[in-house]
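Welcome, and thank you for taking a look at this structure. Please keep the view open while you read, and find each residue as it comes up.

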Amino acid sequence: MKQLYIETYGCQMNFADSEIVASVLSATHSLCEKAQDADVIILNTCSIRENAEQKVLKRLEELHALQKKGKSRRIGLIGCMASRYKTQWMESRLVDFVAGPDAYRFLPEMLTDAEAPQVRTELSLDETYLGITPLRYQSNGISAFVPIMRGCNNFCTYCVVPYTRGRERSRNPESVLQEIRDLAEKGYKEITLLGQNVNSYRWENAYDFPRLMADAAGMDPKLRIRFTTSHPKDLSDGLLEVMAAYPNICKNIHLPAQSGSTEVLRRMNRKYTRESYLERVESIRRHLPDATISTDLISGFCGETEEDHRQTLSLMETARFDYAFMFKYSERSGTYAAKHLADDIPDEVKTARLEEVIALQRQLSYESHRKDIGKTFEILVEGPSKRSDAHLFGRNSQNKVIVFPKEDCQAGTYVHVKVIDCTTATLLGEKVQNNA
Ligand code: SF4
């Protein structure tokens, strides 16, 4: 058996895809933990921001140096950068083969047949990797990702995903539910359903995402179900009703706002307004009073005025996000924004606005955590705390991390923990009796 080393960058979808790649190559390659031990090195890459690509390029140069020194190795580029750059890194001899997100079934042939094409970046209208059981080599045996769809049809003007991952297609619900059933039988306790826009999941017109959630949650009341990501234009009350009906559907919704200004949202082609976004937030609060809401925010998008930025800050205060992923706008070649909108906000202005957004979110996260002091949550224990061997950490249904003294608790079990203190990022607690 040849040795295979996979390094994954970017989103949860890429981590799930790396497990598909490990599975399609498992007949001929076994996984190893260090690049220097490998016969084949694969980088599964992300193009969402400029610095994500720079990181990969730097790593490719390091690996190229390793390749020149030691035993002969093949280096492959897969994921979004493969779709974007196709043959470019082959020409500079940094990589030996390239496979886009819909071409992983070709990898065995690319690695064993010298005559096979070494660049496969065509996108498919129907590839969902049906029939491939992911090799869960990155897993803690407790939580697993299950992709339910691939691609995206939304064409937000700043985003490369529709170009690198192709059109939206949903997986057959039978295969999704079977995968969840198998994971539950293996002892997994938490499943996250993945898609770029899970709300538009649909199978043969009649079977939609709320139904898939209900069927997944109905399988086993002790199996937690999460999902990501929701698009605000498609988050339905029907889904919120299903979330309210099943205690094991986790009460956290990631609802990327991107901006609080309707004008900026229009230029981003997000297809919702500030008002309709806030109406969705109100609906979440009405249906799921104990849910947390997380978001993504971009500072300094093309043409963003000081007033637009103020509107983002005021949206944050109104929505009271529990946590957020916040970035400066980074122009990506090939997108509508790169072709038609001027990236006209100076970098120092982007940075200053981002800092304001981060400072406000820090305060909102802290306030959200302070409100939990004195409450008791059921948490799924994930493992030792990063800071202390004497403590464990787990997550509550709201996806907040709680650290507590280890005592006799085990990873993969549910325990009840009372929150006694907090930081901006973490709740600190103590175990209470399970009937508390
Ligand atoms: S919804 Fe928009 S931001 Fe998200 S993947 Fe699709 S195009 Fe990109």
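At 30% relative accessibility, Y137 counts as partly exposed; here buried means under 20% relative accessible area, exposed means over 50%, and partly exposed is in between, with a 1.4 Å probe and protein chains only. This is a predicted model, in which local features need pLDDT of at least 70 and side-chain atom pairs count only at pLDDT 80 or more, while totals for chains, interfaces and linings use all residues. Residues are numbered from 1 along each chain as its sequence is written, and side-chain values use heavy atoms, with hydrogens and water left out.

- Y137 sits in the loop between β6 (119-120) and β7 (143-147); helices (H or I, at least four residues) and strands (E, at least two) are DSSP runs, numbered from the N terminus.

**Around the ligand**

- Which residues surround the ligand? They are C152, N154, F155, C156, Y158, C159, V161, P162, Q196, H231 and R270, each with a heavy atom within 4 Å of the ligand.
- Sorted by class, this shell has seven nonpolar, three polar and one charged residues.
- In that sorting, Ala, Val, Leu, Ile, Met, Phe, Trp, Tyr, Cys and Pro count as nonpolar, Asp, Glu, Lys and Arg as charged, and the others, Gly among them, as polar.
- F155, one of the shell residues, is in the loop between β8 (149-150) and α6 (161-164).
- With a relative accessible area of 28%, F155 is partly exposed.

**Backbone details to look for**

- Most residues other than glycine have a negative phi, and most peptide bonds are trans.
- F155 has a positive phi, near 50°, and is not a glycine.
- Y129 also shows a positive phi, of about 60°, although it is not a glycine.
- The loop between β6 and β7 holds Y129, which is buried at a relative accessible area of 3%.
- Between T228 and T229 the peptide bond is cis, with omega near 5°.
- T229 belongs to the loop between β13 (224-228) and α9 (237-245).

**Helix α1**

- Helix α1 covers residues 12-24, and its end C-alpha atoms are 19 Å apart, which agrees with the 18 Å that its 13 residues should span at 1.5 Å a residue.
- That expected span is 1.5 Å times one less than the number of residues in the helix.
- Why is α1 described as largely enclosed by the rest of the structure? It is because 11 of its 13 residues are buried.
- Among these buried residues are M13, D17, I20 and V24.

**Salt bridges**

- How many salt bridges does the structure hold? There are 33, each with a side-chain nitrogen of Lys or Arg within 4 Å of a carboxyl oxygen of Asp or Glu.
- R150 and D102 meet through their side chains in a salt bridge (3.8 Å, N to O). This pair links distant parts of the chain, 48 residues apart, with R150 in strand β8 and D102 in the loop between β5 (97-99) and α5 (107-112). Both R150 and D102 are buried.
- E306 and R353 form another salt bridge (3.3 Å, N to O). They also link distant parts of the chain, 47 residues apart, from helix α12 (residues 306-319) for E306 to helix α14 (residues 347-370) for R353. E306 is partly exposed at 38% relative accessibility, whereas R353 is buried at 7%.
- In the salt bridge of K328 with D347, the closest N and O atoms are 3.2 Å apart. K328 lies in strand β16 (residues 323-328) and D347 in helix α14, 19 residues apart. K328 is partly exposed at 29%, and D347 is partly exposed at 45%.
- Salt bridges that share partners also join D17, D102, R150, R165 and R169 into one network.

**One more pair**

- R171 is in the loop between β9 (169-170) and α7 (173-185), and at 10% relative accessibility it counts as buried.
- R171 and W203 are 32 residues apart along the chain, and their C-alpha atoms are separated by 7.5 Å.
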